[in-house]
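Biologist: Could you take me through this structure step by step, so that I can follow how each answer is reached?

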Amino acid sequence: MRKKIIAGNWKMNKSFQEGLDLSSEIINMVRDEVHTATQVVLCPPFTHLNAVAGLIGNAVNMSTGAQNCYTETSGAYTGEVSAAILKSVGCSYIIVGHSERRQYFAEKNATLAKKTDAVLANGMNPIYCCGETLDERNSEKHFEVIKSQVSEGLFHLSGEAFGNVVIAYEPVWAIGTGVTASTAQAQEVHAFIRGLVSEKYGIEVANNLTIQYGGSVKPDNAVELFSQPDIDGGLIGGAALQSRSFVDIVKAMN
Ligand code: PGA
């Protein structure tokens, strides 16, 4: 049985104290209201990670994730944070290749392959993001784009290492826009990704892969999205900044 994972990607939001307050609310609500094995991952800014991990403590099925990391382990890379350092503050997951990293920081699949390696080498799980732009979808290039993002970023891995990878499908046109992919559009791409993984690593690895959907997930569209056979969780942006909407999305995952 593959894991169901809901991750809140806070992006560059919340002061330190606001982040602690939000985390405490979410932790309490998850404890009181969530009675499934769904994994809940909080991905605040780097500066908050250690404290949020401390608040989570031993809370069941909860952990922290970072939004990015650098490819190297340590050294003279002013301003960067390595996977090893993130591990040392309790991270379990690291988001790799979010479309905002690809768009604003020119991150390419080859670099993302190295970041994925760094995350895995430190015993954490990469949440590897892929997704097409609106132009790419309109010109029906989305399958091609996703295939190259997934294969160039991940298919150098052994089957065993790949077992620790989570993929997030996030159509760029649905992120922060209020427009979600229809359930049929999302399911179609998720099934396509699982098919690619099956061709490369076999059916068992493919069946164990958690594929999250991201892009304007809200409590009122989450149930339908998560009812799809190949949608195993969500990577949540805007709706993760408020405890009630985030926990309602967690509860939609069953
Ligand atoms: P959104 O962001 O939920 O605000 O659309 C999702 C993401 O970028 O991960």
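Modeller: What follows is a set of questions and answers on a predicted model.

Biologist: On which side of helix H11 (residues 219–226) do the buried residues lie, and which exposed residues does the face turned away from them carry?
Modeller: In helix H11, the buried residues are Asn221, Ala222, Leu225 and Phe226, where buried means under 20% relative accessible area. They cover an arc of only 125° around the axis, which puts them on the same side of H11. The face turned away from that buried side carries the exposed residues Asp220, Val223 and Glu224.

Biologist: Against which strands and helices do the buried residues of H11 pack?
Modeller: Packing is judged here by contact, that is, by heavy atoms within 4.5 Å. By that test, the partners of the buried residues of H11 are strand E1 (5–9), helix H9 (183–201), strand E7 (210–214), strand E8 (233–236) and helix H12 (243–252).

Biologist: Which residues of E1 point one way, and which point the other way?
Modeller: E1 is mostly covered, with five of its five residues buried. In a regular strand, side chains alternate between the two faces of the sheet. In E1, Ile6 and Gly8 point one way, and the other way point Ile5, Ala7 and Asn9.

Biologist: Which residue of strand E2 (residues 39–43) stands opposite Gly8?
Modeller: E1 and strand E2 run parallel and are joined by five bridges. Within this pairing, the residue of E2 that Gly8 stands opposite is Leu42.

Biologist: How are the buried residues of helix H2 (residues 49–56) arranged, and against what do they pack?
Modeller: The buried residues of H2 are Leu49, Val52, Ala53 and Ile56. Seen down the helix axis, they fall within an arc of 100°, so they line one face of H2. The elements they pack against are helix H1 (16–33), E2, strand E3 (62–66), helix H3 (83–88) and strand E4 (91–96).

Biologist: Which residue just after H2 takes a positive phi, and of about what value?
Modeller: The residue to look at comes just after the end of H2, and it is Gly57. Its phi is positive, at about 50°.

Notes: Residues are numbered from 1 along each chain as its sequence is written. This is a predicted model: local features need pLDDT of at least 70, side-chain atom pairs count only at pLDDT 80 or more; totals for chains, interfaces and linings use all residues. Side-chain values use heavy atoms; hydrogens and water are left out. Buried means under 20% relative accessible area, exposed over 50%, partly exposed in between (1.4 Å probe, protein chains only). Helices (H or I, at least four residues) and strands (E, at least two) are DSSP runs, numbered from the N terminus. The arc is that of the directions from the helix axis to the C-beta atoms. Two strands pair if DSSP finds at least two bridges between them.
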